[in-house]
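Me: I've got a structure open here and would like to talk it through. Can you take my questions one by one?

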Amino acid sequence: MLAGGVGAARYLAGLVQVVDPSEVTAVVNTADDVWLHGLRVCPDLDTVTYTLGGAVDGDRGWGLVDETWATMAALARYEQVAPPGSPAGLTWFRLGDRDLATHLYRTARLEEGADLAEVTAEVAEAWGVRCRLVPMTTDTVETRLTLAPTSADGGATAELGFQEYFVQHRHSVAVSAVRFVGAELARPGPGVLEAIAEAERVVVAPSNPIVSIGPILAVPGVAEALTARRAHVVAVSPIVAGAALRGPADRLLTELGHDASVVGVARLYAPWAATLVVDEADAGRAGEVEAAGMCCVVGPTVMHGPVEAAALAELTLQRAPA
Ligand code: FO1
């Protein structure tokens with residue numbers, strides 16, 4: 001499956017209840033990854049790992065349950081003395097005390113010469129994850145968002161990194177373009193193209209189409225591999241009744257000229273996915289999804305917990321064309 005962060009992690013937690021986890025490969029977005037305090041932080045990989053490891057903070061959806069924040073509190077002392085523009089003391093991106101161990105381990109292993117796929121497998125094993133997690137690429141790809149000009153800034157254009165947009169600005173700023181720096185030269189992560197080619201079903205998680213699924217598609221070869229398996233690709237809409245359940249997917253779709261609806265998602269995914277699973281709230285738009293070129297499966301897609309997640313996994317596996 002193709003996976004972003006929280007929505008994908010919850011879907012995967014359902015999927016591994018209904019299929020043997022050893023038969024599941026999750027190809028995870030890495031374009032949100034960031035260097036902070038000298039550490040490599042991979043939020044989507046960690047969200048999936050902690051969720052499948054049963055250790056995620058269920059309310060936040062990211063980070064570890066029962067986390068403590070002593071290091072961030074101590075770092076705040078230096079925030080006041082850091083020179084302007086220096087990220088050395090920044091605390092707006094909160095790294096929990098126990099979560100820090102993951103970034104310490106990952107960074108040390110990368111510095112020893114391991115690649116991100118090897119380290120991801122090691123971290124997943126340490127958390128008892130039984131399905132295969134693969135970064136979309138082991139090369140560096142970075143999501144950058146261009147801010148829509150406002151009258152206040154005199155029409156100047158500014159660009160933000162993904163976490164600046166998502167966390168620092170709480171995705172409350174309007175965006176006029178998104179690009180994935182480095183994607184054109186990135187190689188698919190080990191086994192990514194093979195997993196797509198050989199999978200019985202390729203599931204696209206209910207993740208943000210622009211900034212979670214978009215970067216995976218931007219890795220050369222991935223869109224072509226999906227297109228070749230189009231009949232077997234089933235996507236779950238992250239948009240329900242015109243709104244994202246979490247995060248800025250609805251606003252980003254609108255700002256970038258797409259329809260913030262299941263129909264907008266269908267128009268984006270139709271070239272390489274045959275089936276779209278939409279929520280019952282969107283049953284009335286099934287005809288438009290079909291007119292956009294996708295088979296439409298209607299069912300409950302909102303995952304309140306593991307029971308709904310498992311039912312959604314069943315729905316995506318059973319109803320898509322085999
Ligand atoms: N999200 C926040 O809203 N605020 C944070 O301070 C924050 C820290 C953080 C640390 C580690 C990690 O793995 C994820 C973290 N996230 C935080 C979530 C992250 O920004 C998003 O989940 C993804 O990048 C979007 O998929």
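Predicted model: local features only at pLDDT ≥ 70, side-chain atom pairs only at ≥ 80, totals over all residues.

Me: Between which two strands does Ala241 lie?

Reply: Ala241 has a positive phi of about 50 degrees, although it isn't a glycine. With a relative accessible area of 53%, Ala241 is exposed, because the cut-off for that is over 50%. Its loop lies between strand S11 (239-240) and strand S12 (243-244).

Me: Is His37 buried, exposed or partly exposed?

Reply: His37 sits in the loop linking strand S3 (34-36) and strand S4 (39-41). Its phi is positive too, near 55 degrees, and it is a residue other than glycine. Buried would need under 20% and exposed over 50%. At 31% relative accessibility, His37 is therefore partly exposed.

Me: How many residues of H2 are buried?

Reply: Helix H2 covers residues 43-52 and is mostly covered. The buried set runs from Pro43 through residues including Asp44, Asp46 and Tyr50 to Leu52. Just after H2, Gly54 takes a positive phi of about 70 degrees. The count of buried residues in H2 is ten of ten.

Me: Why is H11 largely enclosed by the rest of the structure?

Reply: Helix H11 spans residues 262-269. Val262, Val263, Gly264, Val265, Ala266 and Tyr269 are its buried residues. At the start of H11, a side-chain oxygen of Ser261 comes to within 3.1 Å of the backbone nitrogen of Val263. H11 is largely enclosed because its buried residues number six of eight.

Me: At roughly what angle do the axes of H4 and H5 cross?

Reply: H4 (residues 97-111) passes H5 (residues 116-126) in a right-handed crossing. On the H4 side the contact involves Thr102, Tyr105, Arg106, Arg109 and Leu110, and H5 brings Leu116, Val119, Glu122 and Val123. Those residues divide into five nonpolar, one polar and three charged. The axes come within 10 Å, and the crossing angle is roughly 145 degrees.

Conventions
Residues numbered from 1 in each chain as written. Heavy atoms only, no water. Axes fitted to C-alpha atoms, helices over the stretch in contact; angles between N-to-C directions. Helix = DSSP H or I, 4+ residues; strand = E, 2+ residues; numbered from the N terminus. Left-handed = near helix turned anticlockwise from the far one by under 90°. Contact = heavy atoms within 4.5 Å. Nonpolar A, V, L, I, M, F, W, Y, C, P; charged D, E, K, R; others polar. Buried < 20%, exposed > 50% of the residue type's maximum accessible area, 1.4 Å probe, protein only. Polar contact = N/O pair within 3.5 Å; in protein donor to acceptor, adjacent residues only side chain to side chain.
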